[in-house]
Amino acid sequence: MLASFMGKIPRVPDSCFISDAAYIMGNVEFGEGCSVWPGAVIRGDTPGGEHGSLMTIGADSHFEDNTTVHFTKSIGDRVVLGHGAVVEAYSVGNNVLIGDNATVLAYSTIGNNCIIAAGSMVKEGMVIPDNSFVTGSPAKIKAEITEKQLQMLDELLSFMPPLIAEHKRNLVSSLGNR
């Protein structure tokens, strides 16, 4: 479901897949090839703490079942939010995996080429530099991301376009098959 806030509605390219069971509201702008799966909530009512300001989501970013995004100002290209992730980070860079049931609190920033492990809790205001592997609750930077981890993220991201295409072919959507 797409909903307006302060007269602003989400902007979703036709190349994206939005489940009818997802809820997206406010001034949210998606890049090409994104997907938002059942139970996901993306609230663009207060990006960066400013009512009605713009939340941008880069190309080929994916929000798996039951994710919640709120307060976030920008999410880069090629980002995957795993099942049940809660993200209130001020910004998330490009080529990032936020694992299942991870929590990223407000005013934190996630750099490029990062993995936040499943179940981690990134504290409010924490800055995660580029190329970091982060795990724990509270989260700690454990290592620099490895080539094998980047390859795993590439494989996950390459899996998404055919999945999106199949869902768009097979589901009747009140959003015009988005």
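Biologist: Which backbone atom does the side chain of Gln 149 reach, and at what distance?

Modeller: Good place to start! A polar contact is a pair of N or O atoms within 3.5 Å. In this predicted model, the side chain of Gln 149 reaches the backbone nitrogen of Thr 146 at 2.8 Å.

Biologist: Where does Gln 149 lie in the secondary structure?

Modeller: Gln 149 is part of helix H1, which covers residues 147–170.

Biologist: Can we zoom out? What share of contacts in the protein joins residues at least 24 apart?

Modeller: Take the contacts between residues at least 6 apart in sequence: 27% of them join residues at least 24 apart.

Biologist: Why does the radius of gyration agree with a compact globule?

Modeller: You compare the value with what a chain of that length would give. A compact globule of 178 residues would have a radius near 16 Å, and the protein has 15 Å, so the two agree. Along the principal axes, the C-alpha atoms fill a box of roughly 45 × 35 × 20 Å.

Biologist: How many of the residues count as buried, as a percentage?

Modeller: Here a residue is buried if its relative accessible area is under 20%. That applies to 49% of the 178 residues. The accessible surface comes to about 7900 Å², and carbon and sulfur atoms account for 55% of that surface.

How values were computed. Residues are numbered from 1 along each chain as its sequence is written. This is a predicted model: local features need pLDDT of at least 70, side-chain atom pairs count only at pLDDT 80 or more; totals for chains, interfaces and linings use all residues. Side-chain values use heavy atoms; hydrogens and water are left out. The radius of gyration is taken over C-alpha atoms; the globule rule is 2.2 Å times the number of residues to the power 0.38. Buried means under 20% relative accessible area, exposed over 50%, partly exposed in between (1.4 Å probe, protein chains only). Contact means heavy atoms within 4.5 Å. Accessible areas come from the Shrake-Rupley method with a 1.4 Å probe; for residues, only the protein chains shown count as cover. Helices (H or I, at least four residues) and strands (E, at least two) are DSSP runs, numbered from the N terminus. A polar contact is a pair of N or O atoms within 3.5 Å; within protein, one must be able to donate a hydrogen and the other to accept it, and residues adjacent in sequence count only if both atoms are side-chain atoms.
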